[in-house]
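Please consider the following structure alongside the explanation given after it.

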Amino acid sequence: MSGPRRRGWRVWRQIALPTLAFALVTTVPVAPVRDPGTTDGGWTALTPVAVSYGSPPRAGHAVTGNLLSFNDFHGNIDPPTGSGGLVNGVPAGGVEYLATWLDRLRAQARSERRSTLTVGAGDLVGATPLVSAAFHDEPTIELMNEVGLQITSVGNHEFDEGVTELLRLQHGKCHPTDGCQDGDGFRGAKFQYLAANVTYKKNGLPILPPIAVRFVGGVPVGFVGMTLEGTPSIVNPAGITTVDFRDEIETANRWGGVLRLLGVRAMVLLIHEGGAQRTTPPAVPDISGCADFAGAITPIVAGLRPEFGIVVSGHTHRFYSCALPNASGAKSVVTSAGSFGTLITDIDYTLDRRTGRFTSVSARNVIVENGVRNPDGTWQRDAEGNFVRNPALVDPGAKAIADKYRAAVAPIANRVVGRITADITSTAMPNGESPMGDVIADAQLAYTASAGAQIALMNPGGVRSSLTFANSPGGEAPGEVTYGECFTVQPFNNLVVTQTFTGAQLKDVLEQQFVGFGGQTVQRILQPSAGFTYSYDTTRAPGDRVSDMALNGVPIDPAASYQVTTNDFLANGGDGFTNLTLGAGRITAPGFDVDALVAYLASGDPVAPGPANRITKLG
C-alpha cells in the first residue's frame with residue numbers, strides 16, 4: 001500500500017476530534033449488516049474457542065494475525081497476594097513476569113508468521129496498590145509502555161480521579177498538585193486509550209479517539225474502545241460532571257459504521273464490560289472455557305454488527321473465551337483475561353485479503369506463571385509459606401522501572417502498622433459477607449465512635465484484596481501487616497462519614513442491596529460491623545427482602561434514629577445506594593478510610609478474621 005494512503009489512515013485514527021467525523025457518526029445507521037454465517041468447527045463451552053466464518057480464503061489470499069490482550073490490571077506491579085495471585089492454584093502475575101510472557105507469545109506468533117498487536121480492555125489504573133497509587137498511577141502507565149501495550153479501552157477506574165487526570169495520563173505532563181515525584185518527568189502513554197462512548201456534554205464528541213485502525217498484511221483491522229454505560233454509578237461523580245456515558249451497542253455500531261465507510265470489514269471491540277462462567281464447587285473453571293456463561297456482555301454482543309468478530313472484554317475479573325451470537329446470528333469470539341495481569345489472552349485470526357473480513361478466530365488464555373515448580377508439580381514456597389518467584393522469568397527492563405518505584409515508596413509501604421492472627425480473606429461467603437469486609441466495617445465503626453457511630457456498612461467493591469498472614473513484602477515477620485498491604489486492601493482514599501438514619505431509612509438502604517428496589521441494577525451486599533445483624537430472602541418481592549434487623553440483639557425501631565458510618569463514595573450514592581444520600585447531620589472523620597483500617601490494626605491484640613456470620617441468607 002502506498003505511503004500517502006497509510007498516512008491517511010493514521011489521520012483517520014484520530015477521528016474523535018474532527019467535525020467531519022461527528023457528522024459521519026450521526027448519520028451512520030445503527031442496523032447491522034448480515035454476514036454469511038458461522039461454522040463453529042466443533043467448539044464446545046469447555047474448550048478454547050475456535051470459530052470459522054464461511055469458506056477459507058483462496059490460496060494466496062489468507063492473512064494471519066494475532067492479538068495479545070489483558071484487562072483489569074489495576075496497577076498490580078507486584079505479584080498479587082492471596083487468592084488474587086493464583087489462577088487455579090498456579091502462582092501468577094507481576095509486571096516483570098507479564099512482560100516475559102508477552103514476549104514469549106509474540107515470539108511464538110512471529111514463528112507462525114502472524115503480525116501481533118497488544119491490546120487491553122480497561123481498568124489498567126485505579127484501585128491500585130501503593131507502589132502505583134502514590135505516584136498517581138504514572139508507574140503503571142510507564143510499565144504498560146514498557147511491556148508493549150498498543151491500544152486499550154478506558155474502564156470505569158480510569159475515571160477514579162476524573163476526566164482531566166485521565167487525559168494527563170494519556171498525554172503526559174506532571175501532576176498539577178504533586179508534580180513529577182520521581183524526578184524524571186512524565187511523558188504519558190505511548191499506547192492509545194479509546195473512549196467511544198464517553199462524550200463531552202458541550203459538543204457530544206468523545207473525550208479521546210473512539211477508534212483506531214491497524215494494518216495486518218495490508219488489510220485494515222478496526223478497533224472500537226469503550227467502558228460500560230453504567231460507569232457513573234461506580235465512580236466518584238465529582239470528576240465526570242462534564243461528560244456523558246452512552247449506550248454500548250448503539251455506540252459500537254455507529255463507530256463500526258464509520259469504519260465500514262472507510263473500507264474496514266474486520267473489527268475488534270475493546271469493551272470494559274463482561275460476564276462469568278458458573279461452575280459448582282469443587283469443579284474448577286477452565287481458564288479458556290465458557291461453562292454456563294452469563295453476564296452483561298451477552299446482550300451487548302447480541303446487538304453488535306457482524307463485523308465485530310472479536311470482543312475483548314473485562315470488568316468482572318473473570319476468565320473465559322466464548323463464542324456468542326451477534327446481531328446477525330453469527331458468532332463473535334468474546335474473551336477476558338481475568339485480572340491483575342495474571343493471564344494473557346492469545347487470539348489468532350485469519351483475514352481474507354479480498355474481502356477484508358475475518359475468516360477464522362481462535363482464543364485461549366495463558367497463565368502468567370511466576371513460580372518454581374517442584375518435581376511433583378506443586379509450587380515451591382519459602383519457610384514462611386510464600387511462593388518462591390522464578391528469576392528466569394523476570395524481564396529486566398520491566399523490573400528496572402518497577403524497582404525504581406518500589407524503592408521510592410518502600411519507606412511508607414513497608415512500615416509495620418499492626419498484626420493479624422490468620423489470613424483475612426476478601427472472598428465472600430454464600431451470604432455475601434467476607435471476613436475482610438467485616439474487619440473493615442469494624443475498623444470504621446471504631447474510627448467514628450467519637451461521632452456516636454452505632455453501625456458501619458462497607459461496600460464489597462471497595463474491598464480490593466485480602467490480608468495474608470505469611471506475606472512479608474518488606475521482610476516483616478509473619479502476621480505483621482504493613483501500610484502498603486492495608487493500602488492494597490483499601491486504595492481509594494475515600495473519606496469516612498457518619499450520618500443519622502431512622503430505622504425505616506436503614507431498612508430501605510439494605511433493601512437497595514437487591515436488584516429492583518430504588519433503581520438498583522446489581523446485587524451488592526454491604527458488609528456490616530459487629531453487633532448489627534439482619535436476614536434477607538431474595539425470593540421475596542423487591543422492598544420486602546430484609547427482615548430481623550437488630551443492633552446488639554435489640555430489634556431496629558423504624559421510628560428511632562441511628563448513627564451509621566460509611567465511606568463517602570457510598571454516602572454520595574455510589575454503587576446505586578441512593579438511599580444513603582438521605583442521611584442527616586453528616587460528620588466527616590479526619591483522614592481516609594485506609595487510616596481507619598491502620599488504626600484498628602494498631603489498636604491492641606492481633607486482629608482475627610471477621611466471622612462473616614452477621615448476615616443470614618434465607619433464600
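**Helix packing and loop residues**

H315 is partly exposed, with a relative accessible area of 23%; in this scheme buried means under 20% relative accessible area, exposed over 50%, and partly exposed in between, for a 1.4 Å probe and protein chains only. This is a predicted model, in which local features need pLDDT of at least 70 and side-chain atom pairs count only at pLDDT 80 or more, while totals for chains, interfaces and linings use all residues. Residues are numbered from 1 along each chain as its sequence is written, and side-chain values use heavy atoms, with hydrogens and water left out.

H315 sits in the loop between β15 (308-312) and β16 (319-325); helices (H or I, at least four residues) and strands (E, at least two) are DSSP runs, numbered from the N terminus. Although H315 is not a glycine, its phi is positive, at about 80°. A positive phi is also found at N88, a residue other than glycine, where the value is near 50°. N88 belongs to the loop between β3 (86-87) and β4 (90-91), and its relative accessibility of 39% makes N88 partly exposed.

Two packed helices are described by the angle between their axes and the distance between the axes. Helix α3 (residues 95-111) packs with helix α5 (residues 138-147) at an angle of about 25°, and their axes are 10 Å apart; axes are lines fitted to C-alpha atoms, for helices over the stretch in contact, and angles run from 0 to 180 degrees between N-to-C directions. Therefore α3 is roughly parallel to α5, a term for angles under 35 degrees. On the α3 side the contact (heavy atoms within 4.5 Å) is made by V95, L98, A99, L102 and R106, and on the α5 side by L143, M144 and V147. Of these residues, seven are nonpolar, none is polar and one is charged; Ala, Val, Leu, Ile, Met, Phe, Trp, Tyr, Cys and Pro count as nonpolar, Asp, Glu, Lys and Arg as charged, and the others, Gly among them, as polar.

Two further loop residues remain. R614 lies in the loop between α14 (593-601) and β30 (615-617) and, at 8% relative accessibility, counts as buried. Leaving aside neighbours within four places in sequence, R614 is in contact with residues including E433, D438, D442 and Y534. E384, in the loop between β19 (358-367) and α9 (396-413), is partly exposed at 39% relative accessible area. Not counting residues up to four places away in sequence, E384 touches A470 and P478.

Conventions. Angles under 35 degrees count as roughly parallel, over 145 as roughly antiparallel, 65 to 115 as roughly perpendicular and the rest as oblique.
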